[in-house]
Amino acid sequence: MLHQLTVPQALAGTIAMLLLIVQLTLFRSVVVAEFIRVYALQSWLVAAICFGVGVTERAWDLVVLAFVTLLFKGILLPRYMQSLARGISARIELPARINVLLSLVLAGALIGLSILTSIQLPLHYGAFLPRADLAAALAMVFTGFLVAILRPNALAQVVAFLTLENGLFFGTITLAPGLPFVIGILLLIDVLVAVVVFAVLVRALIEQHAAASVTVFESLRG
Amino acid sequence: MLPAVVIAIPFATALSSLVLPSRVSRVLTGIAGAATAACIASIALAAANGRGGLDALSALFLLPVGIVYGAVGIYSTWYVRAESIGADGDERYRREFLALTNAFACAEVVVPLLTNMAGLWVALEVTTILAALLVRLQGTSASLEAAWKYILIASCGLAIGLVGVVVLYAAGVGPLGSRYSPEWGQYIAIAGRLDPNAVRLAFLLALIGFGTKMGLAPMHTWLPDAHGAGPTPTSAMLSGILLSDALYVIVRFAAITNDAVGSGMTRKLFFIVGLLSLFVGAFFLLQQRDIKRMLAYSSIEHMGIVACGLAFGAPLAILGAFLHMVNHAAAKGLAFLSAGRIAARYETREIDKISGAVAVLPISGTLFAFAGLALAGMPPFGVFRSELMILAGGFSTDDWPIAALVLGLLLVAFAGIVRWVMKLTGGDAPKFVRRGERDIGAIGSMLLISLVVLGLGLYVPVPLEHLLARAAFILGGRG
């Protein structure tokens, strides 16, 4: 049975679709800076969703979280990543056996899996984004994994992790908007610290190998 | 009060290690380890008698922290001195190592103290970040590779775990309202009213996500690298404590799932990952050439045994699985600490280049042999007792063919470990390797932990029996 969507719900659904489309552009991007811009745009969209859920549910802590997200994930983190990316090879190659079309087909299959999984669950969905929230969150997480697997570049893998985390954050605020504010803030801090640690490792990688390619990571096997 | 103290001790020691000279902070680390172990023993005793505010599951899973951090703290008084990192070792390295080790212990002790499902995720993620920094600390190409793989794979795994937390939260919105704190006790209280499919999905995601941190196959790929490339005390803490911390979170999820939909699904999934882990651990053990990677694969094998014990579902098997987690922490802690001394003395981790360790390091070599035989499942060590309980529990159920398969895989692992232990400790030592040992801190820590390895094989104290029984009751049995 089809339900009539309210205007905020339709807007939210549109933003969720935009999030996924933005995520899919990672499969055709070959430049580090573009990866980072995609992440920044996605973070703005997630902040918008967070703001929308906060206003709709009158949860003002989520409104605060939206602004904090915008500041850190939409502005500061991308700038930090850009500074990290300066001075290294700007291009990110796909593995030879995978082309853009095939990677998009794989991503499409994962999105299909996400939709199939979500329609099996009669969860008590939030009023802001009914039905689509779990599917979109799962799709962002799964495709984030795929980007990390398909791009053998340290910075690309960090961005993939961050987009995956955006999917988690999106899922958390739409599926579990009542999760205590302190947990939301802890999640955010956790991401920031993880990025700093990733940055430490990326710098060490560049120092040791003069490149950010992770194809050099092949000594530990078996 | 005491739970706050066991967090405060390593936290304060971590902070002081950043500013104090390493010769002072290494002593403080030894004291902190011993004090934390004493506090945890006191907490466990209280919980065994139904006092202290913590449930038996939390108290039981604190034990590996007390055992391993206690030993590692004392061991580190030796580790940051000459032999391990060079006589003129970098003071900055020592400070960073001590600060990170204590901070890591602090994060690890927080996990079993929590029952908030979202808070558990945050605490485990913090352990990932700190562990990655510790693994990277030695600055070699291998340690960088191991740290990268670890943080990427573990973080992605934990991301899946968080989806599990969110799905569980969403399942609770109906009975609990849209704004509630995701406390484990609340879910247990309303388990019957949770949507069964949502609970099943949450458990599946939690098992994949937190199972990655636990080193369960096929999500185990980071484990041999991180355990092999990190500093020795870090390897002991990763293997002895962190794997049990991840198991703690999975058991909390499993308890909710068992209450909500029965134990059929959790048991099936535990069987799958348990048997896979046993298979991977046992067969990869046979072909290892690096002493620490060999121990790492043994960890995967033992996590597989624990998962199978939980899967059998018989009370004896569940008791055995929980006891095995404690026994494994002690035996693996001892194995890594003694292996670290052997590797430092021979200046290599390659098994082919090490022989006669008992002649070179009479105490460390002998204790390594003890630890190896314990991990192989030889009597009279504790691991033998818990493996016997798991197998006896398994053979008493309809799943006895799986118990027979587990026994077969254990024999393969037994052959692998005993073969390497004999090679490393027996035979003639190379002439160029200096003989003898006088390092009181390292020897003392290993002797203390070996008392647990042997003691739990000879006798299980009554309070520990109570803890095990109460923890098994929390998980729930066959149904």
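Select helix α10 (residues 222-229) of chain B and helix α13 (residues 291-312) of chain B. On the α10(B) side, L223(B), P224(B), H227(B) and G228(B) meet α13(B). Their partners there are K292(B), R293(B), L295(B), A296(B), Y297(B), S299(B) and I300(B). Two residues are in contact if their C-beta atoms, placed from the backbone, lie within 7 Å. Helices (H or I, at least four residues) and strands (E, at least two) are DSSP runs, numbered from the N terminus. The contact of α10(B) with α13(B) divides into 6 nonpolar, 3 polar and 2 charged residues. Ala, Val, Leu, Ile, Met, Phe, Trp, Tyr, Cys and Pro count as nonpolar, Asp, Glu, Lys and Arg as charged, and the others, Gly among them, as polar.

This is a predicted model: local features need pLDDT of at least 70, side-chain atom pairs count only at pLDDT 80 or more, and totals for chains, interfaces and linings use all residues. Residues are numbered from 1 along each chain as its sequence is written, while chains are lettered from A and ligands numbered from 1 in the order in which they are written.

Now look at how the pair is set. The angle between α10(B) and α13(B) is about 140 degrees, and their axes are 8 Å apart. Axes are lines fitted to C-alpha atoms, for helices over the stretch in contact, and angles run from 0 to 180 degrees between N-to-C directions. α10(B) and α13(B) are therefore oblique to each other. Angles under 35 degrees count as roughly parallel, over 145 as roughly antiparallel, 65 to 115 as roughly perpendicular and the rest as oblique. The crossing of α10(B) and α13(B) is right-handed. A crossing is right-handed if the near helix is turned clockwise from the far one by less than a right angle, and left-handed if anticlockwise.

From α7(B), show A142(B), S143(B), E145(B), A146(B), K149(B), Y150(B), I153(B) and A154(B). They meet W222(B), D225(B), A226(B), G228(B) and A229(B) in α10(B). This contact of α7(B) with α10(B) has 8 nonpolar, 2 polar and 3 charged residues.

Step back into the loop between α9 (196-214) and α10 of chain B, where P218(B) sits. The peptide bond from A217(B) to P218(B) is cis, with omega near 5 degrees. For another cis bond, go to P379(B) and P380(B), where omega is near 10 degrees. P380(B) is in the loop between α16 (362-376) and α17 (382-395) of chain B.

Next, pick E347(B), in the loop between α14 (315-346) and α15 (357-360) of chain B. Its phi is near 55 degrees, a positive value in a residue other than glycine. E347(B) is exposed, with 11 other C-beta atoms within 10 Å. A residue is buried if 20 or more other C-beta atoms lie within 10 Å of its own, exposed if 12 or fewer, and partly exposed in between, with C-beta atoms placed from the backbone.

Move to helix α1 (residues 2-19) of chain B. Its 18 residues should span 26 Å at 1.5 Å a residue, and its end C-alpha atoms are 26 Å apart, which agrees. The expected span is 1.5 Å times one less than the number of residues. Buried in α1(B) are P3(B), V6(B), I9(B), P10(B), T13(B), A14(B) and S17(B). These buried residues pack against α2 and α5 (91-113) of chain B.

Follow on to helix α2 (residues 22-48) of chain B. Its 27 residues reach 38 Å from first C-alpha to last, close to the 39 Å expected. After α2(B) comes G50(B), with a positive phi near 75 degrees.

Switch to chain A, with its 7 helices and 0 strands. Of its 222 residues, 45% count as buried. Select V191(A), in helix α7 of chain A. V191(A) counts as buried, with 22 C-beta neighbours inside 10 Å.

Finish where the chains meet. The contact takes 38 residues from chain A and 40 residues from chain B. On chain A, α5 (132-150), α6 (154-175) and α7 (181-209) each supply at least two residues. The largest share, 11 residues, comes from α7(A). By class, the chain A side has 27 nonpolar, 9 polar and 2 charged residues.
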